[in-house]
Every structure is written in structure tokens, then in C-alpha cells.
Amino acid sequence: MEPHNTQPSRRIGRPLSFDRDAALAVAMRLFWQHGFEATSTAELTKAMGISPPSLYTAFGDKRGLFREAVDLYLGGIDTIIRTIDEASSAYAAAHDLLTAAAIGDTGDQTPAGCLLASSIVTASTGAADIREELAVLRRSIETALRTRIERDMKDGLMPATCDAEALAGHTMAVVQGMSTLAKDGAGRDKLLRIVEAAMRGWPTVV
């Protein structure tokens with residue numbers, strides 16, 4: 001666990017001597033590759049090209065840096081939820097979510113798999129707060145998708161007998177499963193075919 005009493009006081013108003021956005025992108029990649037706990041502050045500051053005091057001044061601490069890295073990775077949880085809500089249908093929302101995951105898991109210039117999944121696997125009881133924060137993010141996405149499914153059921157676009165909770169949960173399970181497959185070496189083509197296989201089982205109005 002990161003110590004909470006060793007952070008230098010922040011100098012309010014003092015301009016940063018480095019590119020904060022570029023440094024955050026570097027940190028995101030390290031967390032993505034190694035997870036939260038396995039990535040040390042020393043490794044972060046070295047890769048980011050900054051000193052520990054600069055990290056604390058800009059991000060608060062390692063946890064603060066990680067939270068911002070996750071937000072950068074997701075593109076903002078509010079944006080994801082809004083995209084699901086504004087999709088043309090629940091089917092489209094789920095398909096887009098799965099496709100984005102498949103593409104993100106298999107980037108040429110980024111680590112294989114999902115940053116959230118990588119971090120949760122490596123987070124021990126010493127980082128229970130981080131584990132729960134990641135779980136909250138995933139549950140938020142699942143809830144948004146379930147709500148979108150329920151809306152389609154109400155509007156007659158999906159069968160009234162659908163189990164919205166199970167269907168949203170299944171979609172999230174596929175998302176996390178693809179991350180594992182990507183880490184095991186599965187390529188983008190395979191993951192995209194898995195997406196299509198998962199969507200063929202999507203309930204439709206007869």
C-alpha cells in the first residue's frame with residue numbers, strides 16, 4: 001500500500017515543468033501492461049521523466065495517477081454511459097461496446113488486453129479500494145446497458161421475456177473474457193469473430 005504521510009505539500013499555482021498529458025499517457029501504458037500494484041512509483045517517475053515530488057504535485061499520489069490513467073483509458077465513464085443511452089438500440093450499444101473492447105485489446109502500439117482487467121487481477125487486499133473502484137466502473141457500464149435493454153423491451157424492440165440483467169452481464173463477461181484471450185495471444189480478427197458470435201444470440205422480436 002502506498003504511504004499516505006510521505007507526500008510533499010503541493011505548491012499551489014506553480015507551473016509544471018513537464019507535459020502533464022504526455023506523462024499521463026506514459027503512466028497509463030505502464031499500468032495497462034503491469035497493473036496497479038506491480039507498477040512502482042520509481043518505475044512511473046522514470047518512464048514519465050519526472051521526479052517523485054513532481055508526480056505528487058501533478059497527480060496527488062500513485063492512486064490519483066492511476067485513477068486519471070483509467071479515466072484516460074476509458075475516455076470518461078460518463079461518455080461511455082451516454083453513448084450506450086444514445087445508441088440506436090440496445091443491440092447496437094452492446095455490439096459497439098464489444099467491438100471497441102476487441103479493438104482496444106489488440107492495439108499494435110498498446111499492451112494486449114484491458115487495463116481494468118489487468119489491474120484487478122494484480123490488485124491484492126492492500127489495494128482493496130482500487131479493486132472496488134474498478135468494480136464500480138464496470139458495474140456502471142453494465143447497469144447502463146441493462147437500462148438500455150429494459151428500454152428496448154418496453155418499446156417493443158426486444159422480447160418482453162428477456163432477462164435484461166443476465167444479458168447485460170453476459171456482454172460484460174464477453175468483454176472480460178476477450179481481454180484474457182488477447183493476453184494469451186488471440187488476434188483482433190478472432191476477437192471480432194467472437195463479438196459476432198456473441199451478438200448472434202441476441203434476442204429479437206419475432
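Before I turn to the helices, let me say that their axes are lines fitted to C-alpha atoms, for helices over the stretch in contact, and that angles between them run from 0 to 180 degrees between N-to-C directions. Please also keep in mind that what we are looking at is a predicted model.

With that in hand, consider helix H3, residues 52-59, which packs against H4 at an angle of about 60 degrees, the two axes lying 9 Å apart. Angles from 65 to 115 degrees would count as roughly perpendicular and those under 35 as roughly parallel, and H3 and H4 are therefore oblique to each other. The crossing in which H3 passes H4 is left-handed. As for the residues that meet there, H3 contributes Leu55, Ala58 and Phe59, while H4 contributes Lys62, Gly64, Leu65 and Glu68.

Phe36 in turn belongs to a cluster, joined through ring pairs with Phe31 and Phe66.

That brings me to the aromatic rings, of which a search of the whole structure finds 5 pairs. What kind of pair do Trp32 and Tyr73 form? Their ring centres are 4.8 Å apart and their planes stand at 80 degrees, so the pair is edge-to-face. This pair links distant parts of the chain, with Trp32 in helix H1, residues 20-34, and Tyr73 in helix H4, residues 62-74, the two being 41 residues apart. Trp32 is buried, at a relative accessible area of 6%, whereas Tyr73, at 22%, is partly exposed.

How values were computed. Residues numbered from 1 in each chain as written. Predicted model: local features only at pLDDT ≥ 70, side-chain atom pairs only at ≥ 80, totals over all residues. Heavy atoms only, no water. Phe/Tyr/Trp six-rings, centres within 6.5 Å; stacked < 30°, edge-to-face > 60°. Helix = DSSP H or I, 4+ residues; strand = E, 2+ residues; numbered from the N terminus. Buried < 20%, exposed > 50% of the residue type's maximum accessible area, 1.4 Å probe, protein only. Parallel < 35°, antiparallel > 145°, perpendicular 65-115°, else oblique. Left-handed = near helix turned anticlockwise from the far one by under 90°. Contact = heavy atoms within 4.5 Å.
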